[in-house]
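Here is a friendly walk through some contacts, helix pairs and hairpins. Have the viewer open as you read.

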Amino acid sequence: MPHISVRDLTVAYDGHAILSDVTMDIPDRQITAIVGPSGCGKTTFLRCMNRLIDMTDGARVRGEVLIDGANILAPDADVISLRKKMGLLSQKPQPLPMSIYDNVAYGPRLHGTRNKRQLDAIVERYLKLSSLWGEVRERLHAPAARLSVGQQQRLCLARGLAVEPEVLLCDEPCASLDPTSAQHIEKRFVELKQDYTIVLVTHILRQARRLADYIVFFYMGELVEHGPAEQLLNDPRDERTKAYLSGTIS
Amino acid sequence: MRLRLLTERLTSLWFLCLSVVVMLLTAIVAGALVHRSLPILRRHPLGALLGGSGWHPMQDQFGFLPFIVGTVWVTVLAMAMAVPVCLLSAIYLAEYARSATRAVVRPLLDVLAGIPSVVYGLFGVLLLVPLVSDHIAPWAAKHLSFLPGATPREGYATGYCLLTGAIVLAMMVAPLIISIADEVLRSVPVAMREASLAVGATRWETVKHVSARFAAPGLVAAVVLGFSRAFGETMAVLMVVGNVPMAPRSVFDPAYPLPALIANNYGEMMSIPLYDSALLLAALILMVTVLAFNLLAQGVLVIAKRRAAQ
């Protein structure tokens, strides 16, 4: 059974449909890129996966998102452990108003790790994994806000990984980064897919080409086409996908 | 064309003058207060005035201590009651409430903030004074006798007391503090809140570790502004606080805050020498204190903005 499977997912906001009847399976331990022009519902789709959509007043969600068979959209779903399972990397890096160390230790602490040595180990491990350790090891207790934007995004990756998620949800994670930092992050993704299922929202086709194993194309709230990257990029079936790939719609 | 340029120059000059006049008002008020307080300051040293506890204008005795103590107590007590309730309400409004709830509560807060203070005073006289004298004071006498400041002294259980004044004051500053604290919490970036939720924090953990932390300077400013508002509030407190010039030793004792002293006595000074000067000194003390608090609040807000901009 696939890890994540979406059934008839429909999201409406104030009566206006943002996503309609999305049904698909997301392959395990691969990078799934969600592409499409802005406003097509990519981000909303991602926000359903960790129920951050709950924070949007007036959003109505129907359908099911099954993770290991359990519908996470059910009203009695355990949102806390869901979000622990689904790491998020947002478009604009958002460090928490605390030190670099505390940003990474934030999640583990909340979930019960109190031992200082254990926390130290976690912080070091995930800062290394997000290739930030070398740059910050001397100033772990400086405010995270002082890091450069590129470093902040890697810090956010470390913070997300530190709670040991199974899935990484990434919402245009390189959109506000300079090319070098973007490259850093992309390299990490390729390594991380050994252990994580990655869902990557992007509007940069070239990024999808570079990274994705599986591609999903959304257009105006509708799931138009999805399939292995090779096939979808080289041999799209739907006219709209063809148009998007060739740059006529964007 | 020349006419248009001339008009332009004259208007800007005229506006400048108006702004300067407004700013000068503060200085003029302060100057007048200093000028009129000088006679008493020449006769008595400031330390003796502020530290003296006898208030007998006929005998040339002007001790402000009971009034200062009364003001401080009634304000501190009111803030102690108001601040926790206000902060938690603001947290509820900003972090938990749905926008439909906010749409009802926010205008309601503005209405509460706009009720004239004399109405709060009347409410205190009609409802709180009997409540305190008939229920709270007897209860405290029975159950809290181990706390010296919380039991009524013999003959002072009228309900016109520090506690009643503080409750009225707390009710008055609450809408202001809630309103500002709510604004401050709403200014926490949504993405920051979501970053915390996304690693599996509960809402309360997010408030505690992220929103409140980020908004801390603004929350302090909200409290300080509430404090300076409470400090100078006159009418509502005057109506319920008892107005007996002695330093209160229990929350059921009457008190006599500085604003009430001025409002009750100015104009009825019966040409007692220096009485007028003493009251203006009281006004000066109030003004300086409130000004200091406002400056403090401004300072804190500047720091908050700088941090938010980071």
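Two residues are in contact here if their C-beta atoms, placed from the backbone, lie within 7 Å. Between the two chains, the contact takes 19 residues from chain B and 22 residues from chain A. On the side of chain B that touches chain A, the elements giving two or more residues are helix 7 (190-198) and helix 8 of chain B, and helix 7 of chain B gives the most, with seven residues. By class, that side of chain B has ten nonpolar, five polar and four charged residues. For these classes, Ala, Val, Leu, Ile, Met, Phe, Trp, Tyr, Cys and Pro count as nonpolar, Asp, Glu, Lys and Arg as charged, and the others, Gly among them, as polar.

A word on the source: this is a predicted model, in which local features need pLDDT of at least 70 and side-chain atom pairs count only at pLDDT 80 or more, while totals for chains, interfaces and linings use all residues. Residues are numbered from 1 along each chain as its sequence is written, and chains are lettered from A and ligands numbered from 1 in the order in which they are written. Helices (H or I, at least four residues) and strands (E, at least two) are DSSP runs, numbered from the N terminus.

**Helix pairs**

Two packed helices are described by the angle between their axes and the distance between the axes. Axes are lines fitted to C-alpha atoms, for helices over the stretch in contact, and angles run from 0 to 180 degrees between N-to-C directions.

In chain B, helix 6 (residues 162-186) and helix 8 (residues 203-232) cross at roughly 150°, and their axes come within 9 Å. That makes helix 6 of chain B roughly antiparallel (over 145 degrees) to helix 8 of chain B. Helix 6 of chain B brings residues including B:Leu169, B:Val173 and B:Leu176 to this contact, and helix 8 of chain B brings residues including B:Ala215, B:Gly218 and B:Arg229. The residues of this contact of helix 6 with helix 8 of chain B divide into 14 nonpolar, three polar and one charged.

In chain A, helix 6 (residues 149-161) and helix 7 (residues 179-192) pack at about 20°, with their axes 9 Å apart. That makes helix 6 of chain A roughly parallel (under 35 degrees) to helix 7 of chain A. Among the contact residues are A:Gln153 and A:Leu157 of helix 6 of chain A and A:His184 and A:Ile185 of helix 7 of chain A. This contact of helix 6 with helix 7 of chain A has two nonpolar, five polar and two charged residues.

**Strand pairs in chain A**

Two strands pair if DSSP finds at least two bridges between them.

| Strands of chain A | Bridges |
|---|---|
| strand 1 (residues 4-13) and strand 2 (residues 16-26) | seven bridges |
| strand 1 and strand 4 (residues 59-67) | eight bridges |
| strand 9 (residues 214-219) and strand 10 (residues 222-228) | six bridges |

The hairpin of strands 1 and 2 of chain A has two residues between the strands, and A:Asp14 takes a positive phi near 50° there. In the hairpin of strands 9 and 10 of chain A, also with two residues between the strands, A:Met220 takes a positive phi near 45°.

**A proline in a helix**

Is A:Pro108 buried or exposed? A:Pro108 is buried, with 21 other C-beta atoms within 10 Å; the cut-offs are 20 or more for buried, 12 or fewer for exposed, and partly exposed in between. A:Pro108 lies in helix 3 (residues 100-110) of chain A. Leaving aside neighbours within four places in sequence, A:Pro108 is in contact with residues including A:Leu119, A:Ile122 and A:Val163.

Note on methods: Parallel < 35°, antiparallel > 145°, perpendicular 65-115°, else oblique.
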